[in-house]
Amino acid sequence: MNEKQKYIFFVLLGLAGLAIGYLLGAGHNWYLMQRVAELEERELTLYEQAETADYQRHMAEVELGIEQAASKQLQQELAALQDEVLAQKRELSFYQKIMAPELTAAGVVVDDFELKQLSDDRHYQFRFAVLQTERQRGFVKGTLHATVEGRAEDDQVITLDLYELAGLSADQQSFTMRYFKAQTGSFRLPVGFAPEQVRIRVRLEDGSPRELERVFLWSELTRDNT
């Protein structure tokens, strides 16, 4: 190989090296551009996710604030309702003294009788209370009597002792109270017995004995259970 051929060979070899370097550089540049594009797209996605998370957090804070405000409002309404109920009971006691003196004695009244059906149509849970309505309350002693009155299948009138039905002791019928005396229990009605009403009698033993009585219709007591 003469000098001219060597020169041409080295020139061609140099050009081939340059071409290869250019191609390698172009390929790497293309890879970098693709990587940058991917990273920019990922960055945009992360920004969108961050904005969504921030919006959801803001909405959750707003909903929590609304729920707290609603809860506070309900508590205020409940307190106002309780005050109204107490005022109504005091007013009821006042009129009972005038219109129905047998329902109250020495500021003592029989509160509402509550009846709830349990496992079957003859099993019930009950609750009632005797309370004082006077502002100046002293201790009051007395005894409770409760009966369930109704009819048998032959239309015979039957009176059942509620304390015996509920398996309550005689001691539980006596009370010494200053504010109220609550009584709870459960009972099962005999088969063939059709209840008509519940009668609550309270005998106060301070000073001269006094009695008060209140009757609850069975149909009214079980209205919400049907």
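Is D120 buried, partly exposed or exposed? With a relative accessible area of 26%, D120 is partly exposed, where buried means under 20% relative accessible area, exposed means over 50%, and partly exposed covers what lies in between, computed with a 1.4 Å probe on protein chains only. The model is predicted, so that local features need pLDDT of at least 70 and side-chain atom pairs count only at pLDDT 80 or more, while totals for chains, interfaces and linings use all residues. Residues are numbered from 1 along each chain as its sequence is written, and side-chain values use heavy atoms, with hydrogens and water left out.

The structure holds nine salt bridges, and one of them joins the side chains of R188 and D120, with 2.6 Å from N to O. Because R188 lies in strand β8 (residues 180-188) and D120 in the loop between β3 (114-117) and β4 (123-132), this pair ties together parts that are 68 residues apart in sequence. Like the other elements named here, these strands are DSSP runs numbered from the N terminus, with helices (H or I) having at least four residues and strands (E) at least two. R188 is partly exposed, with a relative accessible area of 45%.

Another salt bridge lies within a helix. The side chains of R57 and E61 meet at 2.8 Å, N to O, and both residues belong to helix α1 (residues 3-99), where they are four residues apart, about one turn of the helix. R57 is partly exposed at a relative accessible area of 45%, and E61 is partly exposed with a value of 45%.

Strands count as paired if DSSP finds at least two bridges between them, and β5 pairs with strand β9 (residues 194-204) in the antiparallel sense over ten bridges. Strand β7 (residues 174-177) is joined to β5 by four bridges and runs antiparallel to it, with G142 standing opposite F175 in β7.

Strand β6 (residues 157-161) also runs antiparallel to β5, and five bridges join the two; here the bridge partner of E149 is T159 in β6. E149 has a part among the salt bridges as well, being linked with R199 and E213 in a network of them.

β5 and β6 form a hairpin with five residues between them, and D155 has its place in the loop between these two strands. What is the phi of D155? Phi of D155 is near 75°, a positive value in a residue other than glycine. Most residues other than glycine have a negative phi. D155 is partly exposed, with a relative accessible area of 49%.

R203 forms a salt bridge with E211, and the closest N and O atoms of the pair are 2.9 Å apart. At 34% relative accessibility R203 counts as partly exposed, and E211 counts as partly exposed at 49%.

Methods:
Salt bridge = Lys/Arg side-chain N within 4 Å of Asp/Glu carboxyl O.
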